[in-house]
Amino acid sequence: MVLEKALYTTNWGAAYAGNSLELLDELESDSINLVMTSPPFALQREKRYGNVDQDAYIDWLFPFCKKVYRVLAPDGSFVLDLGGAYQSKRPVRSLYNYRLLIKLCDELDFRLAEEFFWYNPSKLPSPIEWVNKRKIRVKDAVNTVWWLSKTDYPKANVKNVLVPYSERMKKLQQNPAKYYKPKARPSGHDISAGFAIDNGGAIPSNLLQIPNTESNSQYIQMCKAVGVAAHPARFPEKLPLFFINFLTNSGDTVIDIFAGSNTTGYVAETLKRRWIAFELNPSYLAGSAFRFIDSNQNIDATLSLFNKLIQMQETINLPLSLQFSL
Ligand SMILES: C[S@@+](CC[C@H](N)C(=O)[O-])C[C@H]1O[C@@H](n2cnc3c(N)ncnc32)[C@H](O)[C@@H]1O
């Protein structure tokens, strides 16, 4: 790794402020196990973190993806979360996320290992014109999440992301003879007695239901306490949690090239994965350090840490006990 000046480092990772289009060039080829990211979306309404115009969006994002391809390990994965969008002033959806997917597979030789859909039940209805006022479209509460790979067999282990069995399945496991007779289904599935074996959980589907309702985390509390704006488009921890568990092993390297508040890095840290975060906005990245410090810090020390980070003069090693070191 040739990157030198991180904004902060932790036991498992390093966060760098800068343009990931340039920072990606600093990484060795084939060195990253998972790129987990959520770029600024191609929404019509301008967001605080800046969006490029929908038409130009694919041309803007494509060069980042090209560089991701180079740094990704041969059995690595690229997980790209993209929110849907409407065309300007029309109740017609943009196809940008699908067009981008096809371009990535056609022109960069990425494979679509599987498409995922992140359903956020707590999403508010929008756009107001079509959904709330005219009532001609329903609430858009699903993001497309493309799981891309360089080979047909990226590293993946479903056993790491099993979900609880349904009540029905639990009953079946307790008394298979009572509830089920082994037989071939019309679908072609040959359901044998082994179907009722407890494998520690059920296989999840590609519809990930994860509410985005974080409102009282340490990150939010510290942002509020020191008067720093929290990142407006964070994804919930459970989203990177699922993919990091599914697609990497302990000690592997995960990178988020649009890190924002560094949700990915924080989750990777808790799972003992090496992580790298690239974020253009130093203020967002400085605030993300709040995820890694002791929760019982006084406000002055936290603010002083934030200001020190913003100045970007020296790399700060976290976690640290602010009371003693600042
Ligand atoms: C949707 S947000 C990511 C939020 C993140 N997933 C989280 O949980 O906080 C996208 C981020 O990409 C950053 N960004 C935009 N252009 C960038 C670039 N060229 N290099 C690095 N980061 C960039 C924006 O500043 C923004 O914080």
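Lys135 lies in the loop between α4 and β6 (142-149). Helices (H or I, at least four residues) and strands (E, at least two) are DSSP runs, numbered from the N terminus. Lys135 has a positive phi of about 55 degrees, although it is not a glycine. Lys135 counts as exposed because its relative accessibility is 63%. Here exposed means over 50% relative accessible area, buried means under 20%, and partly exposed is in between (1.4 Å probe, protein chains only).

The model is predicted: local features need pLDDT of at least 70, side-chain atom pairs count only at pLDDT 80 or more, and totals for chains, interfaces and linings use all residues. Residues are numbered from 1 along each chain as its sequence is written, and side-chain values use heavy atoms, with hydrogens and water left out.

How confident is the prediction? The mean pLDDT of the protein is 88. That score is the predictor's confidence in each residue, from 0 to 100. A value of 70 or more is reached by 90% of the residues. One is residues 44-51, for which the model has 19 contacts beyond four places in sequence. A contact means heavy atoms within 4.5 Å. The other is residues 322-326, with 13 contacts beyond four places in sequence.

Now the protein as a whole. It has 12 helices and 12 strands. Of its 326 residues, 46% are buried. Among contacts with a separation of 6 or more, 73% join residues 24 or more positions apart. The accessible surface comes to about 16900 Å², and carbon and sulfur atoms hold 51% of it. Such areas come from the Shrake-Rupley method with a 1.4 Å probe; for residues, only the protein chains shown count as cover.

Lys89 has a positive phi of about 60 degrees and is not a glycine. Lys89 sits in the loop between β4 (72-82) and α3 (96-107). Its relative accessible area is 76%, so Lys89 is exposed.

Next comes a proline. Pro127 is found in the loop between β5 and α4 (128-133). The peptide bond from Ser126 to Pro127 is cis, with omega near -5 degrees.

Strand β5 covers residues 111-119, and Ala113 is found in it. Is Ala113 buried, partly exposed or exposed? Ala113 is partly exposed because its relative accessibility is 33%. Leaving aside residues up to four places away in sequence, Ala113 touches Trp147, Leu148, Ser149 and Pro154. Thr151 is 38 residues from Ala113 in sequence, and their C-alpha atoms are 8.7 Å apart.

With 51% relative accessibility, Ala229 counts as exposed. Ser283 is 54 residues from Ala229 along the chain, and 8.8 Å separate their C-alpha atoms. Ala230 is found in the loop between α7 and α8. Ala230 is partly exposed, because its relative accessible area is 23%. Ala230 touches Tyr219, Ile220 and Cys223, not counting residues up to four places away in sequence. From Ala230 to Gly260 the C-alpha separation is 9.7 Å, across 30 residues of chain.

How many of the 10 residues of α8 are buried? Eight are, and the helix is mostly covered. Among the buried residues are Leu239, Pro240, Phe242 and Phe243. Asn245 is also on the buried list.

Last, the ligand. Around it are 21 residues, and those that come nearest are Asn19, His231, Ser261, Thr263 and Glu279. To count as near, a residue needs a heavy atom within 4 Å of the molecule or strand in question. By class, this shell has 11 nonpolar, eight polar and two charged residues. Ala, Val, Leu, Ile, Met, Phe, Trp, Tyr, Cys and Pro count as nonpolar, Asp, Glu, Lys and Arg as charged, and the others, Gly among them, as polar.

A polar side-chain atom of Ser261 lies 2.6 Å from a ligand oxygen. For His231, an N or O atom in the side chain is 2.7 Å from an oxygen of the ligand. Phe235 uses its backbone: an N or O atom there lies 3.0 Å from a ligand oxygen. Taken alone, the ligand exposes 610 Å², and the protein buries 97% of that.

Key: A polar contact is a pair of N or O atoms within 3.5 Å; within protein, one must be able to donate a hydrogen and the other to accept it, and residues adjacent in sequence count only if both atoms are side-chain atoms.
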